[in-house]
Amino acid sequence: MQPYLIAPSILSADFARLGEDVNEVLAAGADVVHFDVMDNHYVPNLTIGPMVCQALRNYGITAPIDVHLMVEPVDSLVPQFAKAGASIITFHPEASKHIDRTLQLIKDHGCQAGLVFNPATPLSYLDYVLDKVDVVLLMSVNPGFGGQKFIPATLDKLAAVRQLIDHSGLPIRLEIDGGVTVANIGEIAAAGADMFVAGSAIFNSPDYAATIAQMRQQLAA
Ligand code: DX5
Ligand code: ZN
């Protein structure tokens, strides 16, 4: 297992002062910036694109930016996000006609690549591309909105992917996204996740540093 990473989702940040808020959450101990891209097509919500990623880089954010693409089609945004400073780019396999090609496109642009699985998306999409994947991201809510409740069936799915990764011997990250809180992060880690997206649990808390510290305490327990 690799060291645990905490990745606040800026979907719940203050967009009117985004750079400042992202700096605050990083100073509070976050490892990675989780950047949710929604197109009002693949998901019923609309958020931010490459310009905002570039703006964060221009503002001086140097932490890894984990771009979660909830868009269809996928490929045209890959070069744009790579150029705008993305570190990791993940996409939903059913939103790409050529999954292997999209993974390769991401890697060719110098980013780490990942597949995202909705709660009811089968893991079989991993069958022939595991060696091309740097991150497996399991959604523990249906994508589109922050502040939803963790779907418990994801725990078994996490355990299944953990087994798959360990069996492969590949250094693949297992990321979880949706409804992660101080109260459930411990059991999510026990099921096999090593990268934790948390939006509302961190950004809606009065003290980011205290919340992240509580999360790390649960992870260490
Ligand atoms: C949902 C997004 C998540 C979301 C998580 O579609 O992918 O990253 O921001 O928010 P919380 O942690 O509030 O469930
Ligand atoms: Zn996300």
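**View 1. Contacts of Asp177.** Leaving aside neighbours within four places in sequence, Asp177 is in contact with His68, Leu137, Met139, Ser140 and Val197; two residues are in contact if their C-beta atoms, placed from the backbone, lie within 7 Å. The model is predicted: local features need pLDDT of at least 70, side-chain atom pairs count only at pLDDT 80 or more, and totals for chains, interfaces and linings use all residues. Residues are numbered from 1 along each chain as its sequence is written, while chains are lettered from A and ligands numbered from 1 in the order in which they are written. Asp177 lies in strand S7; helices (H or I, at least four residues) and strands (E, at least two) are DSSP runs, numbered from the N terminus. Asp177 is buried because 26 other C-beta atoms lie within 10 Å. A residue is called buried if 20 or more other C-beta atoms lie within 10 Å of its own, exposed if 12 or fewer, and partly exposed in between, with C-beta atoms placed from the backbone.

**View 2. The two annotated active-site residues.** The UniProt annotation "active site", from an unreviewed entry, covers Asp36 and Asp177. They are spread over 142 residues of sequence but cluster in space, the largest C-alpha distance being 10.6 Å. UniProt positions are given in the numbering used here, feature names are shortened, and annotations may be inferred rather than shown by experiment. Asp36 is part of strand S2 and counts as buried because it has 24 C-beta neighbours inside 10 Å. Not counting residues up to four places away in sequence, Asp36 touches Ser9, Leu11, Thr47, His68 and Met70. His68 is among the contacts of Asp177 and among those of Asp36.

**View 3. The shell around ligand 1.** Ligand 1 is surrounded by 21 residues, of which Ser9, Leu11, Gly146, Gly199 and Ser200 are the closest. Two or more residues of this shell come from each of strand S2 (33–38), strand S8 (195–198) and helix H7 (200–203). A residue is near a molecule or strand if its C-beta atom, placed from the backbone, lies within 6 Å of it. By class, the shell holds seven nonpolar, twelve polar and two charged residues. Here Ala, Val, Leu, Ile, Met, Phe, Trp, Tyr, Cys and Pro count as nonpolar, Asp, Glu, Lys and Arg as charged, and the others, Gly among them, as polar. The UniProt feature "binding site", from an unreviewed entry, includes Ser9, Gly146, Gly199 and Ser200. Other positions that UniProt gives for this feature include His68, Asp177 and Gly179.

View 4. Five of the five residues of S7 are buried, so the strand is largely enclosed by the rest of the structure. Arg173, Glu175 and Asp177 point one way from S7, and Leu174 and Ile176 point the other way. In a regular strand the side chains alternate between the two faces of the sheet. Strand S6 (residues 135–139) pairs with S7 in the parallel sense over five bridges; strands pair if DSSP finds at least two bridges between them. Leu137 has Glu175 as its bridge partner in S7. From S6 the chain crosses through helix H5 (residues 154–168) to S7 in a right-handed β-α-β crossover. Right-handed is used if, with the strands pointing away from the viewer, the path from the first strand over the helix to the second runs clockwise.

**View 5. Strand S8 between S1 and S7.** Strand S1 (residues 5–8) pairs with S8 in the parallel sense over four bridges, and Leu5 stands opposite Met195. Strand S7 (residues 173–177) also pairs with S8 in the parallel sense, over three bridges. Across this pairing, Glu175 has Met195 as its bridge partner and Ile176 has Phe196. The chain runs from S7 through helix H6 (residues 185–190) to S8, again as a right-handed β-α-β crossover. Met195 and Val197 point one way from S8, Phe196 and Ala198 the other way, and all are buried.

View 6. Gly179 counts as buried because it has 23 C-beta neighbours inside 10 Å, whereas Val182 is partly exposed, with 19 other C-beta atoms within 10 Å. Leaving aside neighbours within four places in sequence, Gly179 is in contact with Ser140, Val141, Gln148, Lys149 and Phe150. With the same exclusion, Val182 is in contact with Ala201, Thr211, Gln214, Met215 and Gln218.
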